[in-house]
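Q: Could you take me through one bit of helix packing here, slowly and in plain words? After that I'd like some context from the rest of the model.

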Amino acid sequence: MSGGKAWLAILAAVVLLPAFVRHAIATEIWIFAIFGLGLNLLMGYTGLLSFGQATFFGSAAYVAGYLLKYYGIDIFLALAVGIVVGAVSAALIGYLCVQRAGLYFIMLTFALNQMFYFTAYQWTTVTGGEDGMPAIPRPSVLGFDIHPPLAYYTAVALLFLASLWVMKRIVESPLGKILQAIRENELRAEALGYDVPRMKLAAFVVGGAFSGLAGVLYAMLFGIVPLESIGFVFSGNVVFATLIGGSGSLYGPVIGSFVFIWLSESVASVWARWPLLLGVAFVIVVLFFRGGVVEAWARFRSWRAGHRAPAAVHADGPR
Amino acid sequence: MSALTRRDVLKLGGAAAAAGFTFPAVLRAQTKEIPMLGLWSFTGAFSDVGPVLDRGMKMALEERGMKIQGKAIKYITRDDETKAGSATRRAEEAVDADGVKYIIGPWSSGVALAVSEVAKRKKVFHYFSGGTEDISGARCHRYSFQWAASPYTAAKTVVDTFVQANPKAKRWHLLVADYAFGWSVEKYVKEVGKTHGIEFVGADRHPLGEREFSNYVTKAAANKPDVVAMINFGLDAVTGAREIFNFGLTPKVPLILTWSSGVEELVQLNPEIRENMWVGSNFYYTADTPVAREFVKSYQAKFGGPPGYAPAAAYGMTRMMLHAMDRAKSTEVPEVIKACEGLEVDDLVGRMRVDPKTHQTLRPYFFMRCKKKDAMKGPMDFADIVATGSTPLPAEYAACKDIGSL
Amino acid sequence: MKIPLLVSQVLNGLATGMLYALMGIGLSIITGVLNIPNFAHGALFALGAYILFTMMQLVGNFWLALLLAPLGVGLLGVLIEYGGIRPLYKAGHDYQLLLTFGLSLIVTEGIIIVWSPVGMSQLPPPLLRGGVDLGITFYPKYRLFVMVTAALLVLAAWLFLEKTRYGAIMRAGIEDKEMVSLLGIDIHRLFTAAFALGCGLAGIAGALTAPIRGLNPWMGVDMLGIAFVVVALAGLGNLLGSIVAGLLVGVAQSLVALYWPEASVAVIFAVMAAILLVRPQGLFGIR
């Protein structure tokens with residue numbers, strides 16, 4: 001159950017990636033992976049399709065970015081601020097959203113995301129509006145200057161590994177099991193005595209904390225908090241990435257982040273119409289590969305081994 | 001874990017890391033090559049201008065045979081997606097991974113401020129053309145230069161010329177895009193207008209990217225103005241002009257587009273909408289200078305239609321940068337910057353001089369009057385240039401107090 | 001506040017409100033019958049506008065173009081439902097929703113590829129150009145036309161849903177799908193019809209909008225959000241509610257723009273969130 005070999009693969013990826021990919025892109029991949037881990041706690045494990053994760057990511061980025069820029073706070077405080085803002089905004093949104101289910105839940109996460117987006121858009125004196133918030137500094141870590149791209153990559157990669165470990169502990173904990181139970185059958189979970197709305201809220205808060213961390217790291221990556229980081233498209237991107245990787249696995253969002261960032265960076269510089277490919281890929285994944293890369297790979301292996309595809313649902317694993 | 005075994009993940013991870021990444025390897029810029037970045041929009045709100053900006057810069061570089069100071073020029077473009085975030089990323093990557101030291105662009109002024117930060121942080125040369133005073137004003141620094149005329153120059157040219165042609169039009173209504181640039185131009189238009197005894201019967205601000213102009217138009221009409229002057233750009237200007245026409249305000253009441261792209265905006269309207277429109281612009285293709293004539297001829301021969309402000313600006317900025325390299329006899333950024341400061345040439349729009357204190361290019365601004373449908377000699381014959389003006393921003397308004405050091 | 005200005009603002013609000021109502025009705029039918037918020041609704045709105053534009057270029061007849069636009073988009077809706085949404089019934093609503101999200105990207109990028117990203121103008125037909133003097137204020141003819149046409153379309157939709165058998169089936173489908181299929185009605189056909197109808201309404205809303213706002217590939221983006229707001233306010237599948245909600249949003253927007261333009265958009269979503277929290281079935285809905 002510990003997935004030691006999986007960890008080996010990920011460590012290898014972390015170490016080898018900068019050799020193949022521009023450092024800034026590599027860093028972005030891990031940041032997005034942290035973001036995806038947060039979403040997947042809601043989507044894959046609890047069965048809540050949250051279409052507004054950018055609310056937490058963006059809010060954290062703006063608040064931490066603002067403090068970094070105008071108050072020159074140190075890096076540990078910035079990270080803490082990011083996590084807290086992510087968690088608090090998620091608590092707020094989550095509290096409002098978990099009261100509704102299904103269709104209304106999705107529409108509500110969308111509407112609240114739009115509200116935050118348009119507030120950021122109009123509140124130009126604070127957020128810079130459409131121009132974003134540039135000139136965000138990147139303070140040093142315990143005396144180490146992390147301005148060089150490779151140095152920042154190292155810092156972010158370490159934080160990613162830590163986040164992955166934390167998320168693993170969470171999903172294997174009692175909370176993780178309860179969330180999966182809620183996903184399987186909410187009524188039954190309630191009948192078993194669990195406070196379902198409270199558990200969902202917990203999922204939101206944890207997911208929000210991860211999103212917030214990703215947000216601060218993103219702000220410091222390019223030294224700017226762009227308006228898009230709190231927008232609906234960004235929310236959609238992380239859903240897409242997580243789906244593509246496979247929401248049925250802890251590591252799905254990580255793989256999805258690879259695929260998504262790779263697509264958007266390498267293809268975008270070649271063909272301006274790459275969102276078309278994104279849309280097509282999305283449709284194909286939704287129609288044929290709902291388990292994402294993870295499931296496709298599993299199916300491929302089984303086909304190779306001559307067995308039928310394994311059952312997609314396991315009692316003690318995500319779907 | 002689920003049915004996916006650890007071995008699967010290991011294999012998958014290994015495969016991905018080893019095989020999947022077809023990113024170009026980190027490039028080592030050769031010492032004999034000068035990489036130059038054209039930061040244009042190929043997706044997003046300004047995606048229509050990306051390709052023509054690319055043309056303009058390429059033309060200016062090709063005129064020199066893609067060489068400068070004995071070194072080969074490597075021209076690369078990156079899509080800024082008309083977004084500050086993407087522009088920052090791509091510009092930084094271009095500097096870090098491709099060794100770029102010269103950036104021309106972007107097109108959007110909001111995005112430009114973000115790119116200007118990158119230029120300052122990475123210490124690379126940056127030329128921009130667009131509607132923001134800040135590049136040569138409050139956020140000035142040694143690495144960024146502004147090619148478009150100062151909003152003051154624009155306002156003065158527009159107001160002075162229009163008043164001269166229409167002395168009886170005393171009541172003006174303003175429709176202003178609600179951001180820093182709009183406010184600056186509004187301020188200057190009001191100042192210059194007051195010296196002519198103009199009464200500003202109304203001034204409304206609309207959010208950038210507004211699609212629903214009907215409300216503003218009815219407010220304007222209610223004031224019964226002699227003139228409506230819009231201070232906005234791109235799609236906002238086009239949408240506004242269309243609505244003003246739909247509501248029957250124009251052509252009875254003249255409409256001024258104070259800061260326009262010229263061709264790029266006018267082509268999106270119809271001759272009926274354009275009747276009695278007066279347009280201020282940083283470039284129009286009937287400009288009568290030797291450089292402009294050559295450029296327009298070449299462009300038309302190559303691409304079929306006349307160039308608008310966008311390709312002309314890209315062309316113009318690149319030329320100014322190359323002139324600076326000529327003057328410096330070098331391609332090292334600090335020397336080129338010093339050579340650019342105080343550079344004075346007869347170039348695309350006429351006499352052009354770069355103010356060393358603010359990095360603002362002092363040059364003429366154009367004011368045109370659109371033609372009626374039957375006066376047009378062809379589908380692209382939108383307007384005639386009525387006047388040019390080059391009054392620089394008075395020193396007391398200059399927000400750039402100290403341009404700093406390299 | 002001057003009366004003529006107020007009257008014009010209210011008329012503006014009614015005109016845009018009618019378009020919002022059309023979008024709301026279409027989305028409401030889809031969401032009510034199929035239970036998926038159609039994230040492609042805005043892109044389909046844009047497509048309707050572009051089809052009108054091309055028909056005008058090819059044929060020059062505005063009325064024909066106005067007819068073909070919704071038919072074209074409706075046809076696309078049939079294809080989408082049959083080829084994309086139907087195969088995903090078993091997978092669940094979440095995946096159907098995600099499909100529409102992917103489709104919105106495809107449609108928007110498709111528009112850019114076919115027509116170019118440059119914005120374009122579309123003049124109303126000569127008959128509808130210029131304005132009328134309403135005594136209190138001068139108002140463009142075309143906007144009045146849009147108000148009337150949208151009202152007629154809404155009336156037609158109402159007649160269809162209330163007075164025809166098929167309409168009754170659709171309403172039943174919104175209420176209780178299981179019962180409908182138990183009654184022996186082909187639920188799949190119902191879904192296809194509902195989806196196509198919703199798309200067609202988006203298409204005609206876009207076509208009607210083109211002469212007012214011009215065309216650009218992202219013209220549907222704002223509309224999507226507003227359509228969601230209208231549906232949330234009205235309650236799923238509630239026709240009358242969509243009309244009232246659409247007009248409310250339109251007029252409110254116009255009036256707010258008079259006093260506090262910056263907040264006009266954020267406020268709409270705040271209201272939507274509030275309604276969803278307090279009364280998720282909308283102001284008028286029953287479910």
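A: Let's start with how helix 9 of chain C and helix 10 of chain C cross: the crossing is right-handed (left-handed if the near helix is turned anticlockwise from the far one by less than a right angle, right-handed if clockwise). Helices here are DSSP runs of H or I with at least four residues, numbered from the N terminus. Keep in mind that this is a predicted model, where local features need pLDDT of at least 70, side-chain atom pairs count only at pLDDT 80 or more, and totals for chains, interfaces and linings use all residues. Residues are numbered from 1 along each chain as its sequence is written, chains are lettered from A and ligands numbered from 1 in the order in which they are written, and side-chain values use heavy atoms, with hydrogens and water left out.

On the helix 9 side, the contact (heavy atoms within 4.5 Å) is made by C:Ile226, C:Val229, C:Val230, C:Leu233 and C:Ala234. Helix 10 of chain C brings C:Gly241, C:Ser242, C:Ala245, C:Gly246, C:Val249 and C:Gln253. By class, that contact has 7 nonpolar, 4 polar and no charged residues (Ala, Val, Leu, Ile, Met, Phe, Trp, Tyr, Cys and Pro count as nonpolar, Asp, Glu, Lys and Arg as charged, and the others, Gly among them, as polar).

As for geometry, helix 9 (residues 219-234) of chain C packs on helix 10 of chain C at about 125°, with the axes 8 Å apart. Axes are lines fitted to C-alpha atoms, for helices over the stretch in contact, and angles run from 0 to 180 degrees between N-to-C directions. The two helices are therefore oblique to each other (under 35 degrees is roughly parallel, over 145 roughly antiparallel, 65 to 115 roughly perpendicular, the rest oblique).

Helix 10 (residues 239-259) of chain C also packs with helix 1 (residues 3-34) of chain C, at an angle of about 140° and with axes 6 Å apart. This pair is therefore oblique, and its crossing is right-handed. The contact of helix 1 of chain C with helix 10 of chain C has 15 nonpolar, 12 polar and no charged residues.

Over in chain B, B:Tyr315 sits in helix 12 (residues 309-328). B:Tyr315 is buried, at 1% relative accessible area (buried is under 20%, exposed over 50%, partly exposed in between, with a 1.4 Å probe and protein chains only). Leaving aside neighbours within four places in sequence, the contacts of B:Tyr315 include B:Met57, B:Glu63 and B:Phe295.
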